[in-house]
Amino acid sequence: MLLPWISGLGAGMALLHLLQKLLFPYFWKDLWFLLKVIRCGIRIKLNRRKGELVTVLDKFLSQAQKQPRKPFIVYEGDIYTYEDVDRRSSRVARAFLNHSALEKGDTVALLMSNEPDFVHVWFGLAKLGCVVAFLNSNIRSTSLLHCIRSCEPRALVVGADLLEAVEEILPSLPEDISVWAVKDSVPRGIISLKEKLSTASDKPVPRSHHAAWNLKTPSLYIFTSGTTGLPKAAVITQLQALNGAAGLWAFGCTSDDIIYITLPLYHSSAAILGIGGCIELGATCVLKKKFSASQFWNDCKKYNVTVFQYIGEICRYLCKQPKREGEKDHKVRLAVGNGVRSDVWREFLDRFGNIKMCELYGATEGNICFMNHTGKIGAVGRTNFFYKLFFTFDLIKYDFQKDEPFRNEQGWCSHVKKGEPGLLISRVNEKNPFFGYVGNKKHTEKKLLRDVFKKGDVYFNTGDLMVQDHENFLYFHDRIGDTFRWKGENIATTEVSDIIGMLDFIQESNVYGVAVPGKDGNNRDIQTKEVSVGARRIQSIENF
């Protein structure tokens with residue numbers, strides 16, 4: 001009697017398993033990833049209920065206490081332990097306490113290249129409760145001056161190798177901004193931070209200086225190039241920084257991993273996902289001053305790298321390198337980043353071995369992100385019933401002639417069908433707020449769409465066209481607005497046009513990205529541009 005029942009139960013279970021594999025092949029992966037997201041949220045809420053507002057800085061201080069001797073940063077062969085970085089950053093904080101009038105909540109702009117002192121200064125200022133504004137180390141002159149003015153800092157800290165860029169604009173800086181350089185000998189009008197550090201104590205700074213009022217207070221300002229005009233400073237709150245720092249953990253990284261960071265620290269990817277992610281894990285990062293395709297795999301082998309961060313160009317540059325023996329002889333198991341094309345993705349795996357590519361999508365200032373936790377080639381992420389419980393997003397029709405979302409006769413936006421490109425928009429609400437940009441509220445308002453599907457609703461306009469397939473995977477399609485890629489940066493053509501227009505013999509200029517035969521890229525990944533100036537046409541290559 002019992003045997004047939006057991007056999008029937010076994011057959012039923014096998015049938016259910018087969019149906020699940022056929023109809024819901026990603027169910028368990030989706031569920032497992034969802035549980036990770038829930039766990040992260042629960043942890044933050046529990047701390048709130050206890051009255052503890054734990055920030056990324058607090059997590060770093062905790063790691064420095066738990067594992068002081070563990071390497072945190074490896075840079076050009078030198079090792080900086082968690083304790084080293086804690087002490088050095090405390091010295092930075094003490095130097096500013098003793099020699100400046102900085103107060104909690106003040107903004108300090110930071111212009112530095114990838115180096116340990118970037119982290120020391122960042123954390124030192126954070127220990128004083130300051131908001132740190134990361135400046136792009138590639139910008140100069142008018143653009144640099146604009147960025148500094150727009151974030152209204154009380155002070156500016158500059159690295160030794162970038163001091164010349166600041167000297168160029170020094171006479172135009174607001175008088176109430178003190179300029180500090182991480183250098184011994186400095187010109188008149190600039191304070192030597194290195195000199196102040198030599199006499200500063202490394203005694204811990206009281207937590208009262210940096211304790212967050214709430215998790216929605218600003219932690220960082222990170223500049224985005226956007227699709228129009230000069231860069232804008234996106235507000236990164238303590239909560240956003242915490243969520244971003246959990247990214248490596250969500251993809252399966254552990255405290256035993258060694259993470260290779262070649263991306264610039266002034267970007268959210270390297271700073272929040274990379275450095276913040278290492279802190280979340282208690283892991284070690286190998287920091288590179290600048291990405292080098294020829295040195296990349298040698299570094300990975302030398303430092304036993306297990307995870308690296310990428311943007312699409314990095315994978316493409318690595319694939320362009322001459323083939324060598326032993327290219328699969330490394331310990332790298334994960335690569336985390338965004339923007340790699342499907343063809344490059346396949347070539348990269350074929351050539352360099354079984355590395356799980358963890359593609360993700362998310363704008364610096366955005367209130368939505370996608371993470372490709374399944375490893376599906378080409379996809380930036382995946383949506384499902386579980387995901388929709390936490391994030392409300394839609395893909396809507398876009399009118400390219402009017403350069404705005406399409407609206408029907410009733411004035412409402414329309415969804416696209418699966419397989420069709422649509423503008424990605426994300427619902428703005430208490431659960432998923434949009435904090436906007438520093439200063440001019442007009443820039444923040446321009447990123448919002450109102451009365452989209454009903455009166456009163458508000459959505460964040462990502463500016464990106466996406467495609468959702470029938471398996472609910474999402475793919476990046478294109479970016480609206482006129483931009484091109486330059487060495488991993490999004491550049492607005494209007495910004496280039498404005499610079500050209502400063503020449504006294506130019507009456508009018510129009511800059512646009514075009515595909516050029518024989519060169520990689522398209523309108524969102526251009527290395528070669530044509531610049532139309534009046535009736536004349538100039539062709540410029542690589543670093544116009």
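**Strand β22 and its neighbours**

Trainee: In β22, which residue is the bridge partner of Gly 422?

Mentor: This is a predicted model, in which local features need pLDDT of at least 70, side-chain atom pairs count only at pLDDT 80 or more, and totals for chains, interfaces and linings use all residues. Residues are numbered from 1 along each chain as its sequence is written, and side-chain values use heavy atoms, with hydrogens and water left out. For Gly 422, the partner in β22 is Met 466.

Trainee: Over how many bridges do β21 and β22 pair?

Mentor: Two strands pair if DSSP finds at least two bridges between them. Arg 450 has Val 458 of β22 as its bridge partner. Strand β21 (residues 448–450) pairs with β22 in the antiparallel sense, and the number of bridges is three.

Trainee: In β23, which residue is the bridge partner of Met 466?

Mentor: Strand β23 spans residues 473–479 and pairs with β22 in the antiparallel sense over five bridges. In β23, Met 466 has as its bridge partner Phe 476.

Trainee: Which residue in the hairpin of β22 and β23 takes a positive phi?

Mentor: This hairpin has four residues between the strands. A positive phi near 70° is taken by Asn 472.

Trainee: How many residues of β22 are buried?

Mentor: Buried means under 20% relative accessible area, with exposed over 50% and partly exposed in between (1.4 Å probe, protein chains only). Strand β22 (residues 458–468) is largely enclosed by the rest of the structure, because its buried residues number 11 of the 11.

Technical notes:
Helix = DSSP H or I, 4+ residues; strand = E, 2+ residues; numbered from the N terminus.
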